[in-house]
Amino acid sequence: MKRIVMMILGVMVISIGAFAKPQDDPIATAVLALPPGLRDAATVIKWKADFTYDTLRKGTNGLVCYDRSGMPEQQPVSIECTSMGNLDREAQNLKAESMGDKAKTQSALMDMEKNGTRAKPEYGSVWYHLAGADREHARMHMTIAMPGATTQSTGIPDKRVDNGVWLMNAGTTTAHLMTPGE
């Protein structure tokens, strides 16, 4: 009798496991914003409530990825990858966004910009984004940080163009290159 009960319990556990929806691998999810050739060598972190982070996987290519899904002001799917040197800036972004109000967030970030406490991103560093209502409708977006850059210093237009890159937020720490269609 004991064997039969144990066998039935064993079959039930296996059956439940077979029908259970598998949880996403946090590392595989976090690197989705990167081109496939860069994913295996990227560091993956998980942000904590105090705007510090735990390292889930140490990488070798200088890029870091994290899942922002479910955080204040983020879409249901929100994944980002950038240079390790941009994590101080991202922590500031997360802290400002934690207020949960876009106007307050923008005001806090502008105040940091004005008083010189806004962390600058690494010049020329790439920010990869994947965001949307769900994975099937998420879109890729990539920018290149150029803090302080202006049309005068780069020769790149600061107005949207359809046939080349353009400089958004010229003259600020947020200045970055946009590509057509983004």
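Student: Which residues of helix 4 meet helix 5, and what makes that a contact?
Tutor: Gln92, Asn93, Ala96 and Glu97 in helix 4 meet Thr105, Ala108, Leu109 and Met112 in helix 5. Contact means heavy atoms within 4.5 Å. By class, this contact has four nonpolar, three polar and one charged residues. The model is predicted, so local features need pLDDT of at least 70 and side-chain atom pairs count only at pLDDT 80 or more, while totals for chains, interfaces and linings use all residues. Residues are numbered from 1 along each chain as its sequence is written, and side-chain values use heavy atoms, with hydrogens and water left out.

Student: Why is helix 4 called oblique to helix 5?
Tutor: Helix 4 (residues 87-97) and helix 5 (residues 102-115) pack at an angle of about 140°, with their axes 8 Å apart. Under 35 degrees would be roughly parallel, over 145 roughly antiparallel and 65 to 115 roughly perpendicular; the rest is oblique. That angle therefore makes helix 4 oblique to helix 5. Helix 4 passes helix 5 in a right-handed crossing.

Student: How do you know that strand 1 and strand 2 pair?
Tutor: Two strands pair if DSSP finds at least two bridges between them. Strand 1 (residues 43-47) and strand 2 (residues 53-57) have four bridges, in the antiparallel sense. Val44 stands opposite Arg57 in strand 2. Their hairpin has five residues between the strands, and there Phe51 takes a positive phi near 70°.

Student: What makes strand 2 and strand 7 edge strands?
Tutor: Eight strands form an open sheet in the order 2-1-3-4-5-6-8-7, with mixed pairing. Strand 2 and strand 7 (166-168) each have a single partner strand, so one side of each is left without a neighbour in the sheet. For strand 7, antiparallel pairing with strand 8 (residues 176-178) runs over three bridges, and Leu177 in strand 8 is the bridge partner of Leu167.

Student: How do you know which part of the model should not be read in detail?
Tutor: The guide is pLDDT, the predictor's confidence in each residue, from 0 to 100. It stays under 50 over residues 1-23, for which the model has zero contacts beyond four places in sequence. Where pLDDT is low, the predicted coordinates should not be read in detail. The chain has a mean pLDDT of 87, and 87% of its residues reach 70 or more.

Methods: Axes fitted to C-alpha atoms, helices over the stretch in contact; angles between N-to-C directions. Helix = DSSP H or I, 4+ residues; strand = E, 2+ residues; numbered from the N terminus. Left-handed = near helix turned anticlockwise from the far one by under 90°. Nonpolar A, V, L, I, M, F, W, Y, C, P; charged D, E, K, R; others polar.
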